[in-house]
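Hello,

Here is the structure I promised to pass on to you. Please open it beside this email, and my notes on what turned up follow below.

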Amino acid sequence: MKTWIAFSGIFMKDMRSYYLKPPNISWGLIFPVAWTLMFFLRSPVAVEVRDLLPGVMALSILFGTTSMLAVTITFERKSRSFERLLLAPISLNLLMLAKTSGAIMFGIINAFVPVIFAVFLADLSGINWLMVLASVVLIAITSTFLGLFVAVSVSQVFEAQTFSNFFRFPMLFLCGLFIPLADLPAFIRPISYALPLTYGADILKTAISQTGVIALPVSFIALVAFSIFLFFYSIYNVNRKWIL
Amino acid sequence: MRIIEAENLTKKYNGFKAVDGVNFHINKGEILGFLGPNGAGKTTTINMLTGLAHINAGTVRLMGEDYTRNAKKAQALMGIVPDESNLYEELSGRQNLCFCGALYGMEKEQRENRAEELLNQFGLHEAAEKPFRAYSKGMKRKLTIAAGLIHDPEILFLDEPTTGIDVAFARQIRSLIVDLHRKGTTIFLTTHYIEEAERLCERIAFIVQGKIVREGTVVGLMEETQEEKIVNFTLGGEFSAVESEFKQAFPGYKLKPGGNSSVSIHSPTSFTLLPFVQFFEERGLPVFEAKIVRPTLEDVFVKITGVDLQKMQTGQGAKPGKGRKGGA
């Protein structure tokens, strides 16, 4: 059995059916522009595009991947087409990796949309692009697996949206992008360190504007650990809840 | 050769036994009908056999190999058609088939050729490029069956294939099932339509309240439950003219006149027809027809299970505890 054919079949179908649809492409363009404008408008002082870039990139990935994956999987479960995937002779791990790979790719593409805009608006020299790419990939993976975690926890499409927000909005304010981690109240800081986006955003800050505060190895290890935990916990739940 | 063997298969949901220690096997090339009312455990059994439900107890083997704890080992050899179409609404018929082929590791050219072949075989070629959502219910069911066959499986699981579709499509699907059987496909068919099972299946297992209450060939089940042999004679004159003479000549037989020129002869044992034919002919009553009357599968099912058939086929399920034999 050529499992890579099944893997690429699922990946390509999801890209065509969900992620490369015009509404999603426009979402990928509008979202970073809206966030950038919001930062510009709310700031009383002049804002450097380069300073905004880590936040806009991180949020583009987070908002793009979590809801898309959670919604598509919940939708497929409702229409029972997900059953067809469960009946295919490929391991559950590979199946879920194939299912999440489209969202991960979507997140990565989303992340670089603001970079394309920024090229025309600011000097981007001196950025460690390799580190940017590594952090973007890891943020995309953790955010997608967070979407998977949400998908496995709900049964309705609207629940997938609302439950995603339950994780996303606290992350938005506690990950150090709006308020530096050091300025957060001491009792809230542990929550910040329990959020994967905190580490991803910090790597991006280090790579783009050298303003990160967490040691790079700690951030990378934390993101990998979050990815592994979220993926296998979701697989455990799929086995428990969807294979009755 | 046995394709699937299930032993003591059990499934519990919150302490309730949906399937309770069932044993059966499916031979290569045959159609096994799993017949029972709604909620009897038919779909749960299919889910266990195909890997959509964990097995709580018992074993299941495919071509001799145990896959109780790892259904993935067996799924490549199975084609599964659920009771509701589960293809992708946004993909066309052809794309759905090709996608299903990819799930089974088929190369691009191989799956495209096979999709073409199946679209022709199932009469869906005209609609091949239409999105699945634009198909009628019957067409959806046909394409779902085609998707189950894309990888040429050893065994095809058909869960209620004609439920909820119109008569014309149901006939087409039955005819497709017959064709598949002729070509040697092994089929596990669940249905609550008794006539469908009688028409299509070689062997039947009756399942009621999670238990198989009787299993056997269609003919065997009918003979097993037949308490007396019955032959119906259609005559060229009135039977009443010879009735008293007949009773004297054949004292061990029961008679049931069925109108002016027909009579049913009942006997607890098998009997030869010649003496009866001679009796009627000698008395100027030519015999136009002599027909052995067998119980229908419906009679057998009611007798074994006591299930209210009307309720079963309108989806209200079984009435347990009324069976004369067996029972759950």
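D83(B) forms a salt bridge with R80(A), and their closest N and O atoms are 3.1 Å apart. A salt bridge here is a side-chain nitrogen of Lys or Arg within 4 Å of a carboxyl oxygen of Asp or Glu. This pair crosses between chains: D83(B) sits in the loop between strand 6 (78-81) and helix 3 of chain B, while R80(A) sits in the loop between helix 3 (49-78) and helix 4 (81-86) of chain A. Helices (H or I, at least four residues) and strands (E, at least two) are DSSP runs, numbered from the N terminus. D83(B) is partly exposed, with a relative accessible area of 24%, and R80(A) is partly exposed at 21%. For these words, buried is under 20% relative accessible area, exposed is over 50% and partly exposed is in between (1.4 Å probe, protein chains only). R80(A) also meets E84(B) in a salt bridge (3.8 Å, N to O).

Before you go further, note that this is a predicted model: local features need pLDDT of at least 70, side-chain atom pairs count only at pLDDT 80 or more, and totals for chains, interfaces and linings use all residues. Residues are numbered from 1 along each chain as its sequence is written, chains are lettered from A and ligands numbered from 1 in the order in which they are written, and side-chain values use heavy atoms, leaving out hydrogens and water.

How many salt bridges are there between chain B and chain A? The count is four.

Now the interface as a whole. In contact (heavy atoms within 4.5 Å) are 31 residues of chain B and 26 residues of chain A. The area buried between the two chains is about 2,600 Å², and carbon and sulfur atoms give 58% of it. Buried area is the accessible area (1.4 Å probe) that two parts lose on being put together, summed over both. L52(B), Y88(B) and L103(B) supply 26% of the area that chain B buries against chain A, more than any other three residues.

Within chain B, E5(B) and R61(B) meet in a salt bridge (3.8 Å, N to O). E5(B) lies in strand 1 and R61(B) in strand 4 (residues 57-62) of chain B, so the pair ties together parts that are 56 residues apart in sequence. E5(B) is buried, with a relative accessible area of 19%.

Happy exploring!
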